[in-house]
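Let's take a friendly walk through a protein model together. Please have the sequence and the structure open as you read.

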Amino acid sequence: VSLFLALEHSSEDAFHKTRAATLARHPEDDIPSLHRVKKIISDLSGVTSIIKDMCIDSCVAFVGPYAELDECPMCQKPRYDPIKLRLSGGRVKQPQQVFHTFPIGPQLQALWQHPDSARQMHYRRRRTQEIIEQL
Ligand SMILES: [Zn+2]
C-alpha cells in the first residue's frame, strides 16, 4: 500500500515494474499485486467503484433509459461482445466496455476520517472567516 501511495501520480506500469524489481531482489517479500492493493484500500476506506456498461465508442452509458438496450442508440454497435454472446448461445453477456464511477458519499466520509484531510475540508470556512475579519 505504501508503494502504491508513493507512486500515486505514476502509471500502473510504474507500479508493476517497481513491484517486479523489488520482488526480484527480495522474493521473500509479500508485495501485493495492484489489484490486491486496490482491494485493500477499498476495504479500508469504504470507497468502492460502481461499474456500468458503456458503448465501445463511448457514445452513451447503458444506464437510466438506456439500461436495457443491447446496442448503442447512437452508433448501433453491440453492447456485448458478439463472439462470446454467439458462442454461448446468448448466455454470456460480457460488455465490450465499462466505466467506473466513485460515489461522493463514501469519499467524503473517508476524508473526514483523517485529521489532515478533515482540516483541509474546512479551508473555505477558514478563508471566509479570515476575509470577514479583514473587512
Ligand atoms: Zn455508440
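Two notes before we start. This is a predicted model, in which local features need pLDDT of at least 70 and side-chain atom pairs count only at pLDDT 80 or more, while totals for chains, interfaces and linings use all residues. Residues are numbered from 1 along each chain as its sequence is written, and side-chain values use heavy atoms, with hydrogens and water left out.

Let's begin with the zinc ion. Which protein atoms are its donors? They are the SG atoms of Cys55, Cys59, Cys72 and Cys75, lying 2.2 to 2.5 Å from the zinc ion. Donors here are N, O and S atoms within 2.8 Å of the metal (3.2 Å for Na, K and Ca); water is not among the atoms, so sites may look incomplete. For orientation, the ideal angle for four tetrahedral donors is 109.5 degrees.

Along the sequence, the donor residues of the zinc ion follow the spacing C-x3-C-x12-C-x2-C. Cysteine 59 and cysteine 72 both lie in the loop between strand E1 (50-53) and helix H4 (82-87), so this pair ties together parts that are 13 residues apart in sequence. Helices (H or I, at least four residues) and strands (E, at least two) are DSSP runs, numbered from the N terminus. Cysteine 59 is partly exposed at 36% relative accessible area, whereas cysteine 72 is buried at 0%. Buried means under 20% relative accessible area, exposed over 50%, and partly exposed in between (1.4 Å probe, protein chains only).

Next come the aromatic rings. Rings of Phe, Tyr and Trp (its six-membered ring) pair if their centres lie within 6.5 Å; planes under 30 degrees apart count as stacked, over 60 as edge-to-face and the rest as tilted. The count is 1 aromatic pair. Phenylalanine 4 and phenylalanine 15 have ring centres 6.3 Å apart and planes at 75°, so the pair is edge-to-face. Phenylalanine 4 sits in helix H1 (residues 2-6) and phenylalanine 15 in helix H2 (residues 12-25). Phenylalanine 4 is partly exposed at 25%, but phenylalanine 15 is buried at 3%.

Finally, look at helix H5 (residues 104-112), where leucine 108 is found. Leucine 108 is partly exposed, with 36% relative accessibility.
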